[in-house]
Amino acid sequence: MSEQNTKSLKKRGKVTIDEKRCKGCWYCIEYCPTKVLQVSEHLNEKGYHPPKLVEEPPNKVCIACHLCELYCPDFAIVVEEIK
Amino acid sequence: MNPMEEMRREEEKLLRTDRLPHVWCPGCGIGITLNAFLRAFIRSKMDPNKLVVVSGIGCTGRAAGYVNVDSFHTTHGRGIPFAVGIKFARPDLNVVVFSGDGDLFAIGGNHFVNAARRNHDLLIIAVNNFTYGMTGGQHGPTTPTGAYTTTTPYGNPDRPFNIPHLAISLGAPYVARWTTYHVNQLQNSIYHALHKKGFRVIEVISQCPTVYGRRNDMKTPLEMMHYFQKNSVRKDDASFEELELKYNGKIVVGVFRDIQGIPTYEERYEDIIRRARK
């Protein structure tokens, strides 16, 4: 693997979900390349199941690709890069 | 700060956040298109005070109500005439028509054709979801032949509009088609189109799982997205037949025309004023 690739893999992100805006289409869960999101059991105030983070982080970590942010039709996801 | 986080913060400023969550159904592609448009606009570093978003009636027409810039929600089909008026009165403004297929091609079809012919300096983002979503899923001018809708329960007998080909034949300088699956390409395409002049048309194939998908074996938003994912092919020099949208067929995406140097109507009009004053 080239140096640049290992460098980009080291990026880590923090996903924040605005549950009030979420309408449960689950595009973020489907198109996350590392599958850090899953469907939660609880409902939000509109009656949809918002996504939540997968609990075991050593294998599944957010790599701050921002794809969930781009796919979210409801402007409900913010990804912050952790240094 | 990271540029993507900066963009997200700027995007919140361009949205009327007090009106969110918006009215669009779960999984509707209009939100994705609006997201791509706002991000492309932020990347272009243009002045938000010089942006006008005009939309017509329909689901996509609601987009003008969610942007925190000068916007206007016009009567049905009259997004383009209104935008032409803005451009004539204030040529320094950047006018974007953000509307749906029923608004731009059914009742506003004549305006689209004539504005494209005259090459007005407008950016048209046409969200094509194959149906009239807001009124309950009737068939429209972009419904593919054979598709099932509330008004065509045995399959649609009409041929749909071939929007990119129509725009190319009228001499539009920038014509592109993407689906809501192509989030990055769509954003780049809008970004490039914002920097060009003339009648720029970007057709966005969008999903309507609520009234179109459920009658055509795609009940969930994800099933519609998988359809776009599996069936879209990029081909920039596609022929007329390839550009046609077939029921459950391939969707040819890409930038079909990108030329420069055609004088816009506003430029030609200024030239006439100059000559008349001599």
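## Ground rules

Because the model is predicted, local features need pLDDT of at least 70 and side-chain atom pairs count only at pLDDT 80 or more, while totals for chains, interfaces and linings use all residues. Residues are numbered from 1 along each chain as its sequence is written, chains are lettered from A and ligands numbered from 1 in the order in which they are written, and side-chain values use heavy atoms, with hydrogens and water left out.

## Chain A

Let's start with chain A, which has three helices and four strands. Here helices (H or I, at least four residues) and strands (E, at least two) are DSSP runs, numbered from the N terminus. Along the sequence they come in the pattern α-β-α-β-β-α-β.

Of the 83 residues in chain A, 41% are buried; buried means under 20% relative accessible area, exposed over 50%, and partly exposed in between (1.4 Å probe, protein chains only). Among contacts in chain A with a separation of 6 or more, 58% join residues 24 or more positions apart. A contact means heavy atoms within 4.5 Å.

## Where the chains meet

At the interface, 25 residues of chain A are in contact with 34 residues of chain B. The two chains bury about 2,400 Å² between them, with 59% of it on carbon and sulfur atoms. Three residues, B:Arg8, B:Pro21 and B:Leu222, supply 22% of the area that chain B buries against chain A, more than any other three residues. Buried area is the accessible area (1.4 Å probe) that two parts lose on being put together, summed over both.

Leaving aside neighbours within four places in sequence, the contacts of B:His22 include A:Lys23, A:Phe75 and B:Tyr66.

B:Leu186 belongs to helix H7 (residues 183-194) of chain B. With a relative accessible area of 0%, B:Leu186 is buried. Beyond its neighbours within four places in sequence, B:Leu186 is in contact with B:Thr33, B:Ala36, B:Trp178, B:Ile202 and B:Val204.

B:Thr74 lies in the loop between strand S2 (70-73) and helix H3 (79-89) of chain B, and is buried at 5% relative accessibility. A polar atom of the B:Thr74 side chain is 3.4 Å from the backbone nitrogen of B:Gly79. Not counting residues up to four places away in sequence, B:Thr74 touches several residues, among them B:Val54, B:Ile57 and B:Phe82.

Technical notes:
A polar contact is a pair of N or O atoms within 3.5 Å; within protein, one must be able to donate a hydrogen and the other to accept it, and residues adjacent in sequence count only if both atoms are side-chain atoms.
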